[in-house]
Structures are given as structure tokens and as C-alpha cells.
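Look at the model first, then read the points below.

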Amino acid sequence: MAPSPQIVLYDLKLVDAPGLIWSPNTCKTRYALNYKGIPYKTVWLTYPEVHSEIPKLTKKDGRPTVPVIVDLLHDSTVVQDSWEIVKYLEEVYPDTPKLFNTNSIGAHLFFQDYCTQKLLFAVVFRLVLSNMIDLAGEHKEWFIKTREAFLGMSIKEFIGDDPTVHAKALTQNLEPIGKILKTYPYISGQQIGWSDIVFTSSLRMLVAFRPDSFGALVLDDKKAGKQFQEWWNRMDKYMQLEPPCYSV
Ligand SMILES: N[C@@H](CCC(=O)N[C@@H](CS)C(=O)NCC(=O)O)C(=O)O
């Protein structure tokens, strides 16, 4: 019999693309749960639902975001933020495969920041934002307004006029990561660690909205040769939706 879910994962859905896995921060938690083999179920929220439902769970002010988990095995503990969640899972589920191998937590945090700044904000978000707007359905106006407030500029300014600038920046910012994969099978070394989950999750947004660019700019990256492709294949089994045995 399929195991009952131990965790409820709150994830983000785009109205015109239900079931699409795309949100980088929620992917980090999803792939960590997959890697650790912890049974979970997903509750999908639209952007406005994140803003109406998440504060009820977290009882916190401030910008409501997902991922959030509710741990049904531990007094329905609520944890918000992908970084806080992985630290929680490492501590509360010590018998599952580890993501902070040995004493490397600081290096994983540094790499997470690198991916957020140099891949997601500097490049990927700019490449995919117009695709996201197209799929926001009835929430399109809301989405544009809240993104412009968050970015402090218009979408047009943020995206810029020349997409080749972003493509070049991606190639440049991938270079140090490709170098690691020339020597090691995983970014974390001989085995998967949090940095691998973070990098996969940052790329997921590009895969979801611009698979052509993902192929051309990442998998076929000239300097890395086949390294990104081979690493992506190694990570594949952890990148699934809830494994079927986990569904309720
Ligand atoms: N530092 C947070 C960032 C979470 C975050 O920005 N989540 C996005 C989805 S990837 C979100 O919920 N956005 C809601 C909004 O911007 O309105 C984490 O790592 O969990």
C-alpha cells in the first residue's frame, strides 16, 4: 500500500498551466523531499491564494511566499522558506539521505546565493517573465502589478530590449559550475548535496518556460561539453512530481 503523506507541500500554480512544475524555490523543497524519500502531498495555490492562504498557516506578517510545509508527523509544524525547510528536514529526519554532507553547510548557502543572484535574478527570470505573464490567466494584471512593485521598475525595463545580453550572461555565470562538473559527478562532489538541488531548481524555470533556451544555453553549453547534460540525467530521478506511490 502507498505510504500516507507525512508532509504537505504548498506549491505555486499558474492558472493556464496547472500541474506545471516551475517555481524554483518550491522545487528545492520538492526535490529535497524526493531525494530523502519522505512521503508528501502537494497543495497547489495560485499567486493570489499564496497571499490569502499562507499568512493563515504561518501567522506571520511580511511577504507571503511558498514553499511552506506542514509536517503531519510532528504536531503539524509549519516551516516556511526553502532554506529553513531543508535545515528542518535534515534535523528532524536524520535517518534520510543527507543534503549537507559533512561540514559543508556554509558552502551550500554561498552556492544558493550565487544561483539566486547570478542565475535566477540576473538571467532566468528575465528570459521567462513574459512567458509567465502569458500563462497567468485571470491573474495577469495582478501578477504584473505585484512584480513591478517587487522589482521597482516596469517589466519592460527589467526584461530589456536585447535577449542576447541575458544569453551571454547565462553562459558566463554557468562557467564556474561547469568546471566543477568536469571533475566531480555532482556539484557537491562525489554525492548529491543541497547545491545540486538548488542548481536543478534554478534551471527548472527555464525548462518549464523556455525549453529551447535550456537546450541551447545549458545542455549544449560549449565550454562544459556534455557535463551539464550528464549531470542533468543523474538528477532526473529526483525531479519528479510526487512519486506516484506517495499520492493520497
Ligand atoms: N527565500 C524564499 C523565497 C520564496 C519565494 O520567493 N517564493 C516565490 C515562488 S518561487 C513566491 O512565493 N512568490 C509569491 C509572490 O511573489 O507573490 C525561499 O527560499 O523559500
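**Ligand contacts**

The side chain of His51 has an N or O atom 2.7 Å from an oxygen atom of the ligand, which is a polar contact (a pair of N or O atoms within 3.5 Å). The protein buries 84% of the 520 Å² that the ligand exposes when taken alone (accessible area by the Shrake-Rupley method with a 1.4 Å probe). This is a predicted model: local features need pLDDT of at least 70, side-chain atom pairs count only at pLDDT 80 or more, and totals for chains, interfaces and linings use all residues. Residues are numbered from 1 along each chain as its sequence is written, and side-chain values use heavy atoms, with hydrogens and water left out.

**Around the ligand**

- Ser82 places a side-chain N or O atom 2.6 Å from a ligand oxygen atom.
- For Arg147, the corresponding distance from a side-chain N or O atom to an oxygen atom of the ligand is 2.7 Å.
- The ligand is surrounded by 13 residues (a heavy atom within 4 Å).
- His51, Val66, Asp81, Ser82 and Arg147 are the closest.
- This shell has five nonpolar, five polar and three charged residues.

**The largest cavity**

- There is one cavity of 30 Å³ or more (a set of points on a 1 Å grid over the protein atoms alone, where a 1.4 Å probe fits but cannot get out).
- The largest cavity has a volume of about 40 Å³ (the space filled by probe spheres set on the points).
- Its lining includes Lys13, Tyr47 and His139 (lining residues have an atom within 4 Å of a point).
- Domain 1 (7–100) and domain 2 (105–238) each give at least three residues to this lining (bounds from an automatic or database domain assignment).

Methods. A polar contact is a pair of N or O atoms within 3.5 Å; within protein, one must be able to donate a hydrogen and the other to accept it, and residues adjacent in sequence count only if both atoms are side-chain atoms. Ala, Val, Leu, Ile, Met, Phe, Trp, Tyr, Cys and Pro count as nonpolar, Asp, Glu, Lys and Arg as charged, and the others, Gly among them, as polar. On a 1 Å grid over the protein atoms alone, a cavity is a set of points where a 1.4 Å probe fits but cannot get out, and a pocket is an open set with protein on both sides within 12 Å along at least five of seven lines; lining residues have an atom within 4 Å of a point.
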